[in-house]
Amino acid sequence: SSSRDFVLGGSFLLRKRGLKLEVLQLLATMAVVNIGLARATQLVQVDAKKLLASEAPAVDPLAGSDAVLEQRLSFVVSVDPKIAVVPDFLTAAECDHLVHLVQGAWRPSRVSTLSLQEKVSNGRTSWSCETRYSQTSVLERLEHRLAGLAGLPVSQIQKLHLVRYAPCEHFEEHHDGQGRPKSIFVYLNDLSEHDTGGHTFFPVLGLSFKPCRGTAVVWANTTPEGEVDSRMVHVGQAPTCSVKYGLNCFFDHEEVRKFILVAPSFCLKDARVVSAMDLPEQGSMVCDEPRVIAVPSFLNQSEVAHILEQMTHHAGQDSLSNSFFPGVTEVIHVLEMEGTKTIATVEARMSTLAHLPVDHLSKLRIVQPGTKQGLCDRGFGCIGFYVSLSECDDVFFPALGVRVVLRSGDAIIWHNGKMVEHCAHEDLRSLRFHLGKLVLRGLDASFHAAPIRHAFQLRTDIPVTDSSVAEGGTMI
């Protein structure tokens, strides 16, 4: 390749240091990106609200099975390469559901090196979280809507990534890659009227997209011939005084969204009832396929009291409640990693039970568990963990036909995925919801397949806490 072409792959970030080009992020698919394309001399700012108010926009008809998608307008803001903007692609409730779902699960955004090792980089200083396929019924609906917008099978959608940019946090110029034929970015909140940043900027095209809650921007990363389109390099600009939330959606060339087939659900009256208090001290499998384990007295009552006290110590700082979908899991409070000696002890005990190092464990979250099927969050990791902090907690796994009765301190652990013929499949048989009308409290945790805690230690800045963000995204 020439001095202005660089062979690399997938999604990557480019940074020039003098005449040297540093490749900071890539995936497996090889691509040739022309980094010498001239930059636009004029800038056009795209504001979805102004598009809706315009008299004669260029509109693409949208078709699909999703009623919301069928009612939306798609504005073509660039013909070649084609970029379309869809205002109100997500409803306000859907945007808020995504933002609240991820509370306590944010991780420093990382990039990959040439050896495919992920690392924290000064070129990407935002925070991210990868969801699971169909993590809630809301996400499942959105996955299908996004596929309808992209005009691609939903089986080709990659796991959705939520992102968060606090003031001064950014993502330098990058390309999403030849291995991702289409990208969709959705803004999940409006920024303060005083914020002059936070835009998604395409320097070659001279287009800058202003964040507007619910608005989707869709573009192709490749030409019709399947070659990488170098014009699609873009920048995630830093907000100046707000916190920006967004949704990254990428599509693959191949089928990647796969599930274990789920048999028809059992009726509650036909479910087998398992009481944790009748199980041996070390716990017992209540189901071996998929594996679901119940453990009596995983926490002693002193530990339960200590964890609940953390909410009292931080009274007034927790504003994470999500009432947009009745019966959804609500995050009440997020515990810092190894925040106290007791929390560190609990994390280590969870690690032993999950047979994974504690470095794979996310932050613990005090939650009000979901009481409606499809709205009980099963976690972001490959293994989910729940400990009851209430006197009585009745958990129903409808696909398994099992009810697990928990007391305060009892725990359940389950697997969210399974490898089938060397391919990852999502396992929705572990979907659950909690019974009863009492207000419940529980401790929620997720174990990831790869280490995640080391990345926090590499970040020298102090992230804004989710509870310090007002409704409009402005820091308070």
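First, the ground rules. Because the model is predicted, local features need pLDDT of at least 70 and side-chain atom pairs count only at pLDDT 80 or more, while totals for chains, interfaces and linings use all residues. Residues are numbered from 1 along each chain as its sequence is written, and side-chain values use heavy atoms, with hydrogens and water left out.

The chain as a whole. There are seven helices and 33 strands; these are DSSP runs, H or I of at least four residues for helices and E of at least two for strands, numbered from the N terminus. Of the 476 residues, 56% are buried, meaning under 20% relative accessible area with a 1.4 Å probe, protein chains only. Of the contacts (heavy atoms within 4.5 Å) with a separation of 6 or more, 76% are between residues 24 or more positions apart.

Now the cores. A nonpolar core is a set of buried Ala, Val, Leu, Ile, Met, Phe, Trp, Tyr and Cys residues joined through side-chain atoms within 4.5 Å. The largest has 40 residues, and L146, I184, V186 and L188 touch the most other members. Elements giving two or more residues to this core include α3 (92-101), α4 and β15 (182-187). The most comes from α4, with seven residues. A second, separate core has 25 residues, among them V346, L356, A411 and A445.

Back to L188. Beyond its neighbours within four places in sequence, L188 has contacts that include L90, C95, L162, Y245 and L247.

Helix α4 itself covers residues 137-150. From first C-alpha to last, α4 reaches 20 Å, close to the 20 Å expected at 1.5 Å a residue, where the expected span is 1.5 Å times one less than the number of residues. Its buried residues include V138, L142, E143, R145 and L146. After α4 comes G151, with a positive phi near 70°.

Last, the strands. An open sheet of mixed pairing has four strands in the order β21-β28-β27-β32; two strands pair if DSSP finds at least two bridges between them. The edges are β21 (272-275) and β32 (433-435). Within the sheet, β27 (392-397) and β28 (402-407) run antiparallel, joined by six bridges, and F396 has R403 as its bridge partner.

Which residue in the turn between β30 and β31 has a positive phi? That is E421, at about 50°, in a hairpin with two residues between the strands. β30 (417-420) and β31 (423-426) pair antiparallel over four bridges, with M419 partnered by A424.

Definitions and conventions: Buried means under 20% relative accessible area, exposed over 50%, partly exposed in between (1.4 Å probe, protein chains only).
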